[in-house]
Amino acid sequence: MTAPNDSGSAPVLRPYENVRILDMTYRYGSYAGRLFADLGAEVIRVEPPGGLPDRIAAERGGSAAQARFLFFNASKKSAVLDLDRAEDLSGFDRLAKGAAIVFIERGGPMYDRIAHLRAVAPQAVVTAISPFGMTGPLADAPASDLVLQAAGGIAWLSGRIGEAPLSLPFEQATMVASIYAAAVTAIALVDAETKGSGHLIDVSAQECIAHSLQNALQVWDLEQRISMRGGEGTRDATEDIFPCKDGFVFLAAPLALGASFQSLVQYMKDLGHPSGEKLCELRWQDREWRLTRQAREAFRAIFTDFTQHYDRETLTQAAIEYRIVLSPVSRVSDIFNDPQLVHRGFFGTTMQLEDGRRIAFPGPPYNVTPPIWDVSQPAALGSWRRDG
Amino acid sequence: MKPRFLEGVRICDLTWAGAGPFCTKIFSDFGADVIKVESTRRLDSVRIGGPFKDRKFGVNRSGYFASRNTGKKSVVLDMKSERGREILHELIRCSDVISNNFAPGAMERLGLSYESVCAIRPDIVYLSMPMYGASGPRAQLPGVGMTISAVTGLMWSTAYRDGDPVGPGTHYPDHAANPYHAAFAVLAALRRRRLTGVGAKIDLSQVESTTNFIGAAVVQCAMEGRDRPQIGNASEEAAPHGIYRGAGEDDWIAVAITTDEEWRRLAPFIGLDGARGLDRATERIARRGELDQVLGKWLADQDATAAAERLRAAGVPAAVVAHSQYLIERDAHLAGRGYWQRVEHPELGRSLYASPPYRIDGERVELSRPPLLGEHTREVLASLLGRSEAELDELETTRVFT
């Protein structure tokens with residue numbers, strides 16, 4: 001299969017065409033195979049009879065599990081093999097011999113048979129995704145997305161002082177672990193294909209999260225300060241969420257960020273609002289003071305006195321015109337009507353649900369010209385056959 | 001190990017700040033030749049943003065910069081001067097990839113549109129990663145990582161309670177979704193180029209990339225026509241599920257019961273062993289408030305680390321809510337896996353780096369230090385572009401290297 005070429009000329013080879021991937025992930029690694037599948041790889045989920053846990057959860061569970069299954073397994077195929085049966089294990093071995101990549105996950109098929117897997121598929125990049133890695137004292141420790149966000153340090157960084165740390169929504173441990181797994185697997189594949197021998201990659205979700213903490217690790221190492229949730233003591237008074245007429249906007253106008261603050265002041269002055277003059281007071285040029293709680297409270301009072309008169313769209317248009325770093329705080333349901341995403345046709349793809357309805361589905365995370373991305377429905381359990 | 005998996009790939013890297021350099025770092029960590037083209041007139045914002053070694057400002061003393069630029073070379077050029085541009089064009093000619101994360105239009109103003117770069121290097125892989133993509137009614141909206149969180153729904157959904165968004169405490173999309181989607185796209189484009197000889201233009205809208213990072217929630221919203229409720233650390237699918245206070249000052253423990261079996265393991269700790277009406281998730285979710293209270297009360301008297309260890313030993317998913325010091329100094333598991341590296345640097349000393357978060361064939365990827373500002377200007381121009389010492393002196397005197 002080839003992707004269409006927008007010039008209408010000869011079709012363009014997709015990057016992972018002719019690459020076979022066996023995917024036995026069902027949670028933390030499940031987005032990795034999806035990324036390859038959308039770019040042309042033949043990604044075959046190897047499932048036990050009845051399916052991998054994510055399929056079972058989608059069949060038994062509510063819409064969250066169904067949505068996860070649809071999003072993470074789009075473009076993938078499905079084969080059923082009972083790896084406890086000698087005949088099926090032989091079939092798996094034959095498949096693995098022709099695979100360039102094998103994704104496995106703790107608790108899933110083949111995770112405890114890596115030596116066998118590597119013996120039958122020495123050419124393959126075997127990427128093992130697990131909550132805490134394959135080695136170390138927590139290698140077998142129970143985990144969840146929330147627990148991994150805590151153990152990796154990202155939960156600490158969000159929330160308000162005086163309340164509990166706040167985790168990020170929507171399975172971010174899965175997303176972070178999967179994206180790191182995908183990138184390193186793509187790199188290892190370059191080497192495996194060059195040298196004819198594969199690699200074993202041991203991806204720890206906890207480590208992936210700890211690798212994504214902005215500058216918190218360096219703040220401790222170099223300045224012996226612990227980065228606090230909400231940016232307390234480090235974030236400029238302007239960097240926050242503020243109410244407006246029909247919801248909220250997010251503003252970032254520290255003095256270090258180009259002309260955002262000056263532009264904001266100019267905008268308010270142009271509209272004749274007194275808040276513009278108030279922000280011209282000398283104290284707003286003091287970067288250190290702007291980090292204090294007092295400055296934060298003062299700015300909030302001044303700015304919301306202004307924003308209460310305007311809606312998100314008006315403020316967003318002003319941000320574009322004046323070059324202010326400001327944006328609407330959207331709900332997930334708002335993004336289907338985001339004018340930029342609509343303009344770019346981001347939700348141009350649809351997926352069919354079991355009840356026959358078609359729903360909007362996220363477009364590609366990157367636009368590549370000539371085009372290489374395509375997405376299709378997840379396969380029914382066991383629908384893949386060797387002949388097609 | 002110092003893997004050379006990407007040896008032979010050269011990137012002319014114009015990215016700056018967070019997301020762009022984090023993307024190209026993975027290439028330099030794996031042996032690609034990443035030439036970071038910088039300007040002393042408009043410094044990379046993370047060179048001048050802290051933290052700094054000993055809290056002393058310096059363009060080579062930022063830990064943030066260091067963590068995003070390991071193994072790269074730094075060339076300083078006045079890209080707005082004619083001679084600077086000539087040199088840049090020569091660098092592009094011998095590069096496989098050119099990368100930027102500027103706002104739309106900036107590359108065109110530098111004379112580096114995709115078409116212009118293709119005229120120099122026809123099979124180039126050209127990566128742009130502006131906030132909202134190259135074109136459209138909001139393409140010119142200025143943005144940072146947090147504005148990306150704001151417009152995608154991630155900020156709204158990071159909240160303790162209904163109607164009160166808090167948002168991620170970091171520029172989160174800059175630190176995973178966008179750099180790694182970008183890296184994956186570049187790797188794919190390079191692969192296709194190896195197979196076909198054809199380059200590629202990659203327009204990575206950081207908003208579209210981040211929307212995929214919350215893709216399952218987007219799909220659920222499309223299915224149900226409603227937003228998931230803002231319920232903080234709780235879950236619509238499981239209970240108890242939260243972050244609870246421990247005995248120490250600002251000590252917290254995450255506990256998540258995601259199966260009935262895990263509930264049966266937790267129940268004896270909190271005096272609910274055999275309690276009726278809690279066997280199933282739906283029952284526990286209905287009594288979430290009550291369970292949070294009981295579990296919270298039990299944990300409130302306990303040392304967070306010890307409590308998490310006890311629960312884990314019993315098969316209950318639990319962890320201390322780790323901060324940076326805890327991760328670096330107290331997390332025995334990360335230390336045991338050799339996660340931390342110290343790398344010598346002329347101004348930062350033996351400073352700390354997180355390893356790439358995986359082991360390859362049982363080994364860690366060993367990092368090389370980040371470059372000083374302009375450290376490799378003369379070396380790159382001499383070795384790659386064949387400039388003589390006299391020419392280099394002249395370019396330096398005429399301030400092309402600024």
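Author: What follows is a set of questions about the labels, each answered from the definition behind it.

Author: This is a predicted model, in which local features need pLDDT of at least 70 and side-chain atom pairs count only at pLDDT 80 or more, while totals for chains, interfaces and linings use all residues. Residues are numbered from 1 along each chain as its sequence is written, and chains are lettered from A and ligands numbered from 1 in the order in which they are written.

Reader: Why is Leu311(B) called buried?

Author: A residue is buried if 20 or more other C-beta atoms lie within 10 Å of its own, exposed if 12 or fewer, and partly exposed in between, with C-beta atoms placed from the backbone. Leu311(B) has 24 C-beta neighbours inside 10 Å, and therefore counts as buried. In chain B, buried residues make up 55% of the 402 residues.

Reader: Where is Leu311(B) found, and which residues does Leu311(B) touch?

Author: Leu311(B) is found in helix H14 (residues 304-313) of chain B. Helices (H or I, at least four residues) and strands (E, at least two) are DSSP runs, numbered from the N terminus. Contact means that the C-beta atoms of two residues, placed from the backbone, lie within 7 Å. Leaving out residues up to four places away in sequence, Leu311(B) touches Val255(B), Val316(B) and Ala318(B). Val255(B) is 56 residues apart from Leu311(B) along the chain, and their C-alpha atoms are separated by 8.7 Å.

Reader: What puts the buried residues of H2(A) on the same side?

Author: Helix H2 (residues 53-60) of chain A has Asp54(A), Arg55(A) and Ala58(A) as its buried residues. They cover an arc of only 100° around the axis, so they lie on the same side of H2(A). The arc is that of the directions from the helix axis to the C-beta atoms. These buried residues pack against helix H1 (30-38), strand S2 (42-47) and helix H3 (63-73) of chain A.

Reader: What makes strand S5 of chain A mostly covered?

Author: Six of the six residues of S5(A) (residues 125-130) are buried. Val125(A), Thr127(A) and Ile129(A) point one way, Val126(A), Ala128(A) and Ser130(A) the other way, and all are buried. In a regular strand the side chains alternate between the two faces of the sheet.

Reader: Which strands of chain A and chain B pair in the antiparallel sense?

Author: Strand S12 (residues 367-369) of chain A pairs with strand S6 (residues 200-203) of chain B over three bridges. Asn367(A) stands opposite Asp203(B).

Reader: How many residues does the contact take from each chain?

Author: The contact takes 122 residues from chain A and 121 residues from chain B.

How values were computed
Two strands pair if DSSP finds at least two bridges between them.
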